[in-house]
Amino acid sequence: MRRIVVEFVIAHVLLAALVGVILLMPDARKVYPATALLVAIGVIELCYLLALFRGRKLDPFPSGSSDIICAVWVLMLVWELSSTKLGIAHSVLIPSPENVFYVFQRSGPELWANVVSSLELLLSGYILGTALGVILGVVVGWVPRLRAMFYPIANVLAPIPSVIFTPFLVILMPSYRWAAIMVILLGVFWPQFLSMILRVGSLPQAITDNARVLKVSNWTMITKIILPFIVPDVLKNMRVSLTTGFLMLMYAESFGAKSGIGYWISNANVFANYANIVAGVITCGMTVTALNYLTAWLQKRFTTWR
Amino acid sequence: MGALVLDDVCFSYSDDLDLFTRRRRAAGEGEDLVLKHLSLTVEDGQFLCLVGHSGCGKTTLLRTLAGLQAPTAGSIAIDGKPLDGPGLDRSVVFQNYSLFPWMTALANVEFGVRQASVELGRGLTKAQVAEVSRSYLARVGMEKAADLHPYQLSGGMQQRVAIARALAMDTEILLFDEPFGALDVRTRRDLQELMSALWVEADRDRRKTAVFVTHDIDEALLLADRIVFMSDGRFLADIPVGAARPRDPEEFLRRPAVRLIQDELMGLFYDAVETRRDLADREQVFEGSVTP
């Protein structure tokens, strides 16, 4: 308890120092107004407080969020001092935090539109890839002959990164968007497919015996036995393959895209607009975190039996 | 109704054999038979315990009765109707994993009741299924655990729920495959008493036919109307236990008549072991001997 209070105090001393530096120290560089930066700091502090008070009940290591927030404040303090206040960092490569967060204020709607465009691509490929992987994986895993045929084939194809197929996909697919969706789809499909083959194959004989003596129909077998049996694995794979999907998205958007957060970053790169790049990276982080929370919630919600 | 007739039942696990062996097996010969020419009639309403050491084929026989595997030769009939795969005229309680882990205790019982209702054309409504299931959970003392998943239940509690499901399905025949085999002595005794009590209750309505596999002699004595001893795929003894229920374990197992059956069964157990050892010895001698 005492340790938590000490950490809480340290975190707020650092916060006060950061805000003090931003507001009171004279600038060495010409920067945009600090309003957006201060709002961002407020939002981070709010998240910290929420995590802390929720963590008091649930998290066995409540000091985790305090340690993280201290690291964040120290990092921002160093960043602010070295760029805006003292001007010792490279003025192009290390943009001032004021300018980075000003991007959200100035181009908020534009960034949001890019996030939406990215999510469309990501979710299309991710959901299609997951669905195909699950359906085909269950069928192939359930029929011994198909399993004997496709499992070795899948083992050869699965480790090949889907980006390798990009040149073919760009030619074969009707549009750039479909090529991008396919790259994401393939990245998500193989792990899910392989895992489903193994999972369905590992349905304990005791359970199939039990279902057989109850004379379940094929439909009941699928909906009441196999489906609940594979759901925990499907959700676990979905959490893992979210990262793969996002990687593929960033890759897909850096070639030939006209929108999306990956495009935003690579476009800013062309113009050496490092404030936009950092803002894009922060947006990526927030998007991934939101999706992670969503899949974690799904996993918790639908895995009730083990 | 629920009479079970086995006629010259044989079973072998090896299925990729040449034609000759297969023909020989069809005639019920061959070294690899797990069940060897078993004939038996279980009368309607009889509680039969199959006793034998592990590996004697009693579980194989029960799985065959459940319809999970077809006999290699011979036939099984229920009320004169030849047995053809699993069916809802029978319900089965296995040693482990009798419940689906993703369903709550209540949902597990309901699932069985619904399957039986659909298959036997009983046409129970959803509310009736729930009511029947709850009442049977209450009979085995598990009404409070209705909404718990199997992983939240102890082994004994899981078997209680499995028994509730088997009874709630209201089938003619109940098959038990060492249902208490994995439980500790205390829990085992509790469940034996529960089974006994349920059978006394059943006396009032209409009794079911039961085939109960166990290697525990006392368990068989407490539960059975009839004990069949199995060894090496054959029936060695068929002993009636004509005593009223309920049978108080402390008192019942001390009765002289019961002690006699106990001794007989113990003798059979040791004989069976002796025979196996003899065979092993003889083989050793045979292998060791040098032909002149």
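Chain B is divided into domain 1 (4-89 + 173-288) and domain 2 (99-171), with bounds that come from an automatic or database domain assignment. The model is predicted: local features need pLDDT of at least 70, side-chain atom pairs count only at pLDDT 80 or more, and totals for chains, interfaces and linings use all residues. Residues are numbered from 1 along each chain as its sequence is written, while chains are lettered from A and ligands numbered from 1 in the order in which they are written. Helices (H or I, at least four residues) and strands (E, at least two) are DSSP runs, numbered from the N terminus.

**Domain contact in chain B**

- In chain B, 13 residues of domain 1 are in contact with 15 residues of domain 2, where contact requires that the C-beta atoms of two residues, placed from the backbone, lie within 7 Å.
- On the side of domain 1 of chain B that touches domain 2 of chain B, the elements that give two or more residues are strand 7 and helix 6 (185-204) of chain B.
- Helix 6 of chain B provides the largest share of that side of domain 1, five residues.
- By class, that side of domain 1 of chain B has ten nonpolar, one polar and two charged residues; Ala, Val, Leu, Ile, Met, Phe, Trp, Tyr, Cys and Pro count as nonpolar, Asp, Glu, Lys and Arg as charged, and the others, Gly among them, as polar.

**Six-stranded sheet of chain B**

- An open sheet of six strands in chain B has the order 6-7-8-3-9-10, with mixed pairing; two strands pair if DSSP finds at least two bridges between them.
- Strand 6 (90-93) and strand 10 (234-240) of chain B stand at the edges, each with a single partner strand, so one side of each has no neighbour in the sheet.
- Neighbouring strands of this sheet are turned by 15° against each other on average, direction ignored.
- Strand 6 of chain B runs parallel to strand 7 (residues 173-177) of chain B, and four bridges join them.
- Ser91(B) has Leu174(B) in strand 7 of chain B as its bridge partner.

- Strand 1 (residues 4-12) and strand 4 (residues 73-78) of chain B run antiparallel and are joined by five bridges.
- The bridge partner of Cys10(B) in strand 4 of chain B is Ala73(B).
- Two bridges join strand 4 of chain B to strand 5 (residues 81-82) of chain B, again in antiparallel fashion, and Ala77(B) stands opposite Pro82(B) in strand 5.
- Strands 4 and 5 of chain B form a hairpin with two residues between them, and Asp79(B) in the turn has a positive phi of about 50°.

**Chain A**

- The domain assignment of chain A gives domain 1 (2-94) and domain 2 (106-302), and 35 Å separate the centres of these domains, taken over C-alpha atoms.
- Helix 4 (residues 97-142) and helix 11 (residues 274-302) of chain A pack at an angle of about 55°, with their axes 9 Å apart; axes are lines fitted to C-alpha atoms, for helices over the stretch in contact, and angles run from 0 to 180 degrees between N-to-C directions.
- Helix 4 of chain A is therefore oblique to helix 11 of chain A, given that angles under 35 degrees count as roughly parallel, over 145 as roughly antiparallel, 65 to 115 as roughly perpendicular and the rest as oblique.
- By class, the contact of helix 4 with helix 11 of chain A has eight nonpolar, four polar and no charged residues.

**Contact between the chains**

- 18 residues of chain B are in contact with 16 residues of chain A.
- Helix 3 (residues 105-119) of chain B gives the largest share of the chain B side, three residues.
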